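Visitor: I'm new to this one and would like to be walked through it slowly. Could you put it up on the screen?

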Amino acid sequence: MRFGQSVIALGSFLLPGAVAWGSLGHITVAYIASNFVKDNTAAYFQDILRNDTVHYLAGVATWADSIRYTKWGRFSKNFHFIDAKDTPPTYCGVDFERDCKEEGCVVSSIQNYTSQLLDTGLWSWRRNQAAKFVIHFVGDIHQPLHVENVAQGGNGIHVKWESSEFNLHHVWDSSIAEKMLGGIHRKPYEAGFEWAANLTAQIKSGKYEAESKVWAEGISLDDPISTAMKWANESNAVVCTHVFPEGPDAIVGQELAGDYYEKAAPVIEIQVAKAGYRLAAWLDLIADKVSGTAQSTDEL
């Protein structure tokens, strides 16, 4: 489905007001997915999420972050990441058995909540919740520091960003993307919508047109763990090439808004584009299977 630019003004009153770190990326991923899902998929998830506006995915994209530190939602705090116990930059790699916590991780959570979405016997509120988790976790798994153990995914590494001190995870979650867009001025939904429109165009007929043809390869509802692990290992490879190219110790205290940013920004952009495109393909598969019209990913 494609939406006109005017929808922001028409539907902004339906969007949540408070957002957390990394919200711009999640919102953009959701809008990209909205641009690529089939009409029947859009109708299916608009019904589950009880929102028939164009913001039906973006409006819940940060919900999982908003509940993770609440008394009720703390059960989900480990579901946003998988701690790859590797040694960047000499070795990067994610191993499900080694790295997924007993309580769960982003890989097992994509499997778990996808299975709940496919279970039409569940209460509607359970499937609503499952949809919101899937939308969020597909975004999380494409952020390199959500698939890395070093310093709690970079949270324990202090760096400088335009002379101010931040942790490295925040820089990859928010700072780089916001600088790419010239700042979001406390309007992440408008910024995300516009960024998604640009990336959608790049995927359909621009610089990502050719490579995007393989982004959905290997996606399978029959093996969500393998699918999610493929995505996790792709993201984790960036930890060696762009997050810690000279090792974790070398980045401590460094100013990252210059040369580091110039090298990292294109990676952030393609990860967001991939996440949105793959989320659309994943939601299409779910809607098709529930409706009995499932097809091979080769036909997507």
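Visitor: Which residues of helix 7 and helix 13 meet each other?
Guide: On the helix 7 side they are Val 134, Ile 135, Val 138 and Gly 139, and in helix 13 they meet Ala 275, Leu 279, Trp 282 and Leu 283. Sorted by kind, the residues of this contact are seven nonpolar, one polar and no charged. Please keep in mind throughout that this is a predicted model.

Visitor: OK, and at what angle do those two helices pack?
Guide: Helix 7, which covers residues 124–140, and helix 13, which covers residues 259–291, pack at an angle of about 145 degrees, and their axes are 9 Å apart. Two packed helices are described by that pair of values, the angle between the axes and the distance between them.

Visitor: Left-handed or right-handed, the crossing of helix 7 and helix 13?
Guide: The crossing in which helix 7 passes helix 13 is right-handed.

Visitor: Switching topic, how many disulfides does the structure hold?
Guide: There are two disulfides. One joins Cys 92 to Cys 240, with an S to S distance of 2.1 Å, and another joins Cys 100 to Cys 105, with an S to S distance of 2.2 Å. If the bonded cysteines of the protein chain are numbered in sequence order, the pairing reads 1-4, 2-3.

Visitor: What parts does the pair of Cys 92 and Cys 240 tie together?
Guide: Cys 92 is in the loop between helix 4 (63–67) and helix 5 (96–99), while Cys 240 is in helix 11 (residues 224–243), so the pair ties together parts that are 148 residues apart in sequence. The torsion about the S-S bond of Cys 92 and Cys 240 is about 100 degrees, and therefore this disulfide is right-handed.

Visitor: And the link of Cys 100 and Cys 105, left-handed or right-handed?
Guide: That link is left-handed, with -105 degrees about the S-S bond.

Visitor: Are these cysteines buried or exposed, or something in between?
Guide: Cys 92 is partly exposed, with a relative accessible area of 22%, whereas Cys 240 counts as buried because its relative accessibility is 13%, under the 20% cut-off. As for the other pair, both Cys 100 and Cys 105 are buried.

Visitor: What about the backbone, where is a peptide bond cis?
Guide: Most peptide bonds are trans, but the one from Pro 88 to Pro 89 is cis, with omega near 5 degrees. Pro 89 is found in the loop between helix 4 and helix 5, and Cys 92 lies in that loop as well.

Visitor: Which residues have a positive phi without being a glycine?
Guide: Two to look at are Gln 152, with a positive phi of about 50 degrees, and Ser 163, with a positive phi of about 75 degrees. Most residues other than glycine have a negative phi.

Visitor: Where do Gln 152 and Ser 163 lie?
Guide: Gln 152 is in helix 8 (residues 151–154), and Ser 163 is in the loop between strand 1 (158–161) and strand 2 (164–167). Gln 152 is exposed, with a relative accessible area of 65%, and Ser 163 is exposed too, with a relative accessible area of 63%.

Key: Residues are numbered from 1 along each chain as its sequence is written. This is a predicted model: local features need pLDDT of at least 70, side-chain atom pairs count only at pLDDT 80 or more; totals for chains, interfaces and linings use all residues. Side-chain values use heavy atoms; hydrogens and water are left out. A disulfide is a pair of cysteine sulfur atoms within 2.5 Å. Helices (H or I, at least four residues) and strands (E, at least two) are DSSP runs, numbered from the N terminus. Buried means under 20% relative accessible area, exposed over 50%, partly exposed in between (1.4 Å probe, protein chains only). Axes are lines fitted to C-alpha atoms, for helices over the stretch in contact, and angles run from 0 to 180 degrees between N-to-C directions. A crossing is left-handed if the near helix is turned anticlockwise from the far one by less than a right angle, and right-handed if clockwise. Contact means heavy atoms within 4.5 Å. Ala, Val, Leu, Ile, Met, Phe, Trp, Tyr, Cys and Pro count as nonpolar, Asp, Glu, Lys and Arg as charged, and the others, Gly among them, as polar.
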